[in-house]
Amino acid sequence: MVENIEAEIMALMQRYNPEGKPIGRTTEIGADLNIDSVAAMDLIMEIEDKFDIDIPMNQVGELRTIGDLIDLAAGVLQKT
Amino acid sequence: MAIDIFDKYASIEDRHRALLGIGGDPFGVKVDRIISATEALIDGRHTILVGTNNYLGLTFQPECVAAAKAALDTDGTGTTGSRIANGTYDRHTSLEAAFARFFNRQKAIVFTTGYQANLATICGLAGPDDFILADADSHASIWDGTRLSPAETVVFRHNDPEHLDRRLTRLEGKGQCKLVIVEGLYSMLGDTAPLAEFVEVKKKHGAWLMVDEAHSFGVYGAHGRGVAEAQGVEEDVDFIVGTFSKSLGASGGFAVANHPKFDLLRLASRPYMFSASPSPATMASVAEALHQIELRPELRTRIWANAEQLHSGLAALGFHLSAPLSPIIAIRMPDEATAVMAWNRLIESGVYVNLALPGGTPNGACLLRCSVSAAHEPAQIATVLGRFAALASELDSRRQAA
């Protein structure tokens with residue numbers, strides 16, 4: 001599962017990238033993709049449902065890049 | 001060169017500048033003079049207010065004003081500190097007793113702002129080994145309360161008890177207490193929570209339920225106790241939070257509960273412990289406003305009639321409304337530029353509504369948000385609808401030209 005998470009999240013991110021910008025681990029969720037805090041919550045819930053995990057909101061505020069998001073989700077998945 | 005401390009806000013600044021390029025500042029409206037609960041002079045223009053959340057129109061209620069004036073004379077302008085440092089006045093105690101009585105609950109605590117009521121209640125209730133489960137459309141004060149709490153916060157889909165159920169199932173056996181937080185009436189779209197279904201889920205999992213009735217207090221339920229009363233589930237709602245700044249016409253907040261140890265929040269919740277307590281004039285006007293709500297059920301009859309007039313009128317004009325009938329009527333605009341243009345047309349024609357844009361709205365919605373008051377006259381709403389009709393035809397011709 002953990003191995004898949006990067007690819008799965010990258011695929012998911014395409015839906016939050018309507019302008020089709022090139023994205024990667026260093027892409028900034030807020031600054032580059034213009035995802036505000038409300039939309040970020042939807043994204044988090046999608047990831048949670050997909051992998052059947054709980055991502056604590058307390059840690060979401062610190063996310064900047066897609067890489068941060070992947071690492072956070074992978075960390076939670078590993079613990080479960 | 002050193003980095004400017006405000007550089008981090010460059011994108012906010014750019015967005016605001018673009019907004020100002022279209023017209024007035026929707027987020028910095030200057031009220032020259034407030035005339036009544038429903039009218040103000042804005043930019044020298046006589047304006048009908050349809051975005052103040054002054055649901056029962058009590059801000060100029062003579063009894064409330066008189067009570068506040070009398071309190072100024074007897075108790076002075078402020079308490080100058082928190083209750084743990086400067087003491088509890090008779091007014092604090094009697095206002096809390098009045099809220100407890102109003103809600104038929106054992107306990108009530110008042111706060112200095114509605115925002116603080118949520119911060120204090122949430123971070124006071126949810127500790128390090130607890131979980132908070134919050135509706136995705138929650139108000140900023142709820143999110144900020146979760147940030148002050150050491151509990152882990154998990155989000156569930158808006159108004160989706162089944163999703164909450166799944167979340168709680170996943171958390172089975174983890175942590176100690178689970179605090180579920182929902183609102184009665186959601187402030188942006190004007191939709192209400194299916195509280196009876198949430199109650200079923202919380203009982204199934206042995207969780208605690210807090211309902212923020214900021215926008216529904218005074219308006220919903222046979223006695224104005226909110227959506228929990230309207231849906232007949234008050235007994236299963238553990239904590240109700242509300243504000244003085246909408247139906248009660250002042251500023252401040254409250255929380256009520258039946259838990260015998262609720263008062264422990266006074267010794268454990270930092271937003272309560274370290275904020276100056278509500279001022280005497282505020283408490284006096286709120287106590288009187290609470291009395292007015294009990295005394296005058298016709299206020300609720302009137303606000304619902306006004307809501308119906310505006311809601312059906314806007315629907316007839318072809319506007320896309322975001323929820324069934326409520327005192328909050330949010331019109332969906334196709335995009336931010338149209339929403340800003342429409343907001344400007346309305347303010348220029350003497351109608352004040354709220355502009356609500358993504359960041360502050362769910363699902364990236366761009367909204368013209370109206371809220372009606374019991375103090376609106378049907379003729380004022382008819383005038384407002386006339387101005388919306390002009391806007392509708394302008395939007396139509398723009399659409400056709402595009």
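**Starting from one residue**

Modeller: Let's begin with L290(B), which is buried, with 23 other C-beta atoms within 10 Å. The cut-off for buried is 20 or more, so L290(B) passes. Keep in mind that this is a predicted model.

Colleague: Which helix does L290(B) lie in?

Modeller: L290(B) is part of α12 of chain B, residues 280-295.

Colleague: And what is L290(B) in contact with, leaving aside its neighbours within four places in sequence?

Modeller: A98(B), F102(B) and L248(B).

Colleague: How far is the C-alpha of L290(B) from that of G224(B)?

Modeller: The two C-alpha atoms are separated by 9.9 Å. Along the chain, L290(B) and G224(B) are 66 residues apart.

Colleague: OK, zoom out. How is chain B divided into domains?

Modeller: Domain 1 covers 8-59 + 297-401, and domain 2 covers 62-295. Their C-alpha centres lie 27 Å apart.

Colleague: How many residues does each domain of chain B give to the contact?

Modeller: Domain 1 of chain B gives 21 residues, and domain 2 of chain B gives 21 residues.

Colleague: Which elements on the domain 1 side give two or more residues?

Modeller: On the side of domain 1 of chain B that touches domain 2, they are α13 (298-316), β11 (328-333) and β14 (366-371) of chain B. By class, that side has 13 nonpolar, six polar and two charged residues.

Colleague: Now the fold of chain B. How many helices and strands?

Modeller: There are 15 helices and 14 strands in chain B.

Colleague: What does the radius of gyration of chain B say?

Modeller: It is 22 Å, close to the 21 Å that the globule rule gives for 402 residues, so chain B is as compact as a globular protein of that length. The C-alpha trace of chain B spans about 65 × 60 × 55 Å along its principal axes.

Colleague: What share of chain B is buried?

Modeller: Buried residues make up 51% of the 402 residues. As for contacts in chain B with a separation of 6 or more, 70% are between residues 24 or more positions apart.

Colleague: Switching to sheets. What is the strand order in the open sheet of four strands in chain B?

Modeller: The order is β1-β2-β3-β12 (chain B), with mixed pairing. β1 and β12 (351-352) of chain B stand at the edges with a single partner strand each, so one side of each is left without a neighbour in the sheet.

Colleague: Parallel or antiparallel for β1(B) and β2(B)?

Modeller: Antiparallel, over three bridges, between β1 (residues 31-34) and β2 (residues 39-42) of chain B. V31(B) stands opposite I42(B) in β2(B). The two strands β1(B) and β2(B) form a hairpin, with four residues between them.

Colleague: And β3(B) with β12(B), parallel or antiparallel?

Modeller: Parallel, over two bridges, with β3 of chain B running over residues 45-49. I48(B) stands opposite V351(B) in β12(B).

Colleague: On to chain A. How many helices and strands there?

Modeller: Chain A has four helices and zero strands. Along the sequence the pattern is α-α-α-α.

Colleague: What about the radius of gyration of chain A?

Modeller: Chain A has 12 Å, which agrees with the value near 12 Å for a compact globule with 80 residues. Its C-alpha atoms fill a box of roughly 35 × 25 × 20 Å along the principal axes. Of the 80 residues of chain A, 22% count as buried.

Colleague: Last topic, confidence. What does the predictor give the complex?

Modeller: An ipTM of 0.85 and a pTM of 0.95.

Colleague: Which element of chain A has the lowest mean pLDDT?

Modeller: That is α3(A), with a mean of 84. The highest in chain A is α4 (residues 66-79), at 90.

Conventions: Residues numbered from 1 in each chain as written. Chains lettered and ligands numbered in written order. Predicted model: local features only at pLDDT ≥ 70, side-chain atom pairs only at ≥ 80, totals over all residues. Rg over C-alpha atoms; globule rule 2.2 N^0.38 Å. Buried ≥ 20, exposed ≤ 12 C-beta atoms within 10 Å, placed from the backbone. Contact = placed C-beta atoms within 7 Å. Pairing = 2+ DSSP bridges. Domains from an automatic or database assignment. Nonpolar A, V, L, I, M, F, W, Y, C, P; charged D, E, K, R; others polar. pLDDT = per-residue confidence, 0-100.
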